[in-house]
Amino acid sequence: MQKHWPPFNFSAGPAMLPKKVMQIAQQEFLDWHGTGLSVMDFSHRGKEFASIAEKAETDLRELMSIPDNYKVLFSAGGASLQFAMVPLNFLRTQAVYVNTGIWGKKAIGEASKFGNVSVVEALQSDDGLLSIVPEKQWAFSDTFDYFHLTTNETIGGVEFLNFPKHGKGRWIADMSSNILSKIINIEDFALIYAGAQKNIGPAGLSIIIVRDDWLQKELPPTVPSLMQYKVLAENDSMYNTPPTYSWYLAGLVFDWIKRQGGVEEMERRADERSTILYEYIDNSEFYRNPVKPHCRSRMNIPFILQDESLNEMFLAEAEQFGLVNLKGHRSVGGMRASLYNAMPIEGVEALVEFMKDFEKRA
Ligand SMILES: *Cc1c(COP(=O)(O)O)cnc(C)c1O
């Protein structure tokens, strides 16, 4: 077996960025486009940063085919701030939250502070296998302001490979861990949000895509300015100083995705990477994935060693070989391999090679 890899970083977030993006950032670090200044030095209101911000938005719009009647916002505060901003801005009578895991639960906890939440408990477990409850069994109130989904549960490794039928047009989705990995129809959503640190860029930035008409809604006078989507939109995401450097890096990632062949190519790669790992796990007696195939995440793949006493050895050896951050979330245990857009196919091939070798020696 090969003894050492580059290393490959399987962290769930902050996650690896494409190497090419890092190299461009490095080249431009001290002198952006002949200005003699770093992007970090630019005023967010100056013409240099304006061009960076505009290109990032244009590229994202092109990548995701975002229609003109949607605003794209770049904001600080992470996805967790969106858990509060969404209900603050849009929860009036009642909202439906479809719960498929830990992040969904957090979103529900936050929304419940602001109003009525009708929860669809849509994660079930039978024989130790997790799956999404079929939509026809979901029970929820028919009156709702919006319909909240977590499109990929980063910790449990559960993804909506097909979206529900209910609530279309009024979906609000947390896409933190699978945005830009799958072609979607933006018009099915009222709002999409994603923390950047999984599939977009470094931590400190969130992307929000919101339909115009939802920005016209009357708000209670107590909502802080910075937490009003309307205020962010009216000020081109510069009501206050935005996380400029993270925004710039996100722009480099969007440009990289375009050059790779767009979201269609990201989706193809995500299918390819995850299939390699799932097929190996499924054909092994030594490892096990705890999710039913129809809702297995293409981004975050938890796996368990049948003999859990080998966990520490597995992780230590993997790290020695350059396969890092494979430890599972503390609530799930075992291992988790996060295979975001930036993970090259060689990374997952190396992981499978290591897993085979470990199995042989164990
Ligand atoms: C990581 C993650 C979050 C939390 O993001 P922060 O930026 O840390 O607030 C929320 N939802 C999902 C699906 C995530 O993967």
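Reader: Hi! What should I know before I start?
Author: Welcome! This is a predicted model, where local features need pLDDT of at least 70 and side-chain atom pairs count only at pLDDT 80 or more, while totals for chains, interfaces and linings use all residues. Residues are numbered from 1 along each chain as its sequence is written, and side-chain values use heavy atoms, with hydrogens and water left out.

Reader: Which residues come nearest to the ligand?
Author: Ser 80, Thr 154, Asp 174, Gln 197 and Lys 198 do, out of 13 residues around the ligand. Being near here takes a heavy atom within 4 Å.

Reader: How far is the side chain of Thr 154 from an oxygen atom of the ligand?
Author: An N or O atom of that Thr 154 side chain is 2.4 Å from the ligand oxygen. For Ser 80, a polar side-chain atom lies 2.6 Å from an oxygen atom of the ligand, and for Gln 197 the figure is 2.9 Å. The protein covers 87% of the 390 Å² of accessible area that the ligand has on its own (Shrake-Rupley method, 1.4 Å probe).

Reader: Nice. Which helix gives the largest share of that shell?
Author: Helix H3, residues 78–90, with four residues. Helices here are DSSP runs of H or I with at least four residues, and strands are E runs of at least two, numbered from the N terminus.

Reader: Why is the pair of Phe 83 and Tyr 193 edge-to-face?
Author: Because their planes are at 75°, with the ring centres 6.2 Å apart. Phe 83 lies in helix H3 and Tyr 193 in strand E11 (residues 189–195), so the pair ties together parts 110 residues apart in sequence. Phe 83 is buried at 4% relative accessible area, and Tyr 193 is buried at 0%.

Reader: What about Phe 140 and Phe 147?
Author: They form an edge-to-face pair, 5.4 Å centre to centre with 75° between the planes, and both Phe 140 and Phe 147 are buried.

Notes:
A polar contact is a pair of N or O atoms within 3.5 Å; within protein, one must be able to donate a hydrogen and the other to accept it, and residues adjacent in sequence count only if both atoms are side-chain atoms. Rings of Phe, Tyr and Trp (its six-membered ring) pair if their centres lie within 6.5 Å; planes under 30 degrees apart count as stacked, over 60 as edge-to-face and the rest as tilted. Buried means under 20% relative accessible area, exposed over 50%, partly exposed in between (1.4 Å probe, protein chains only).
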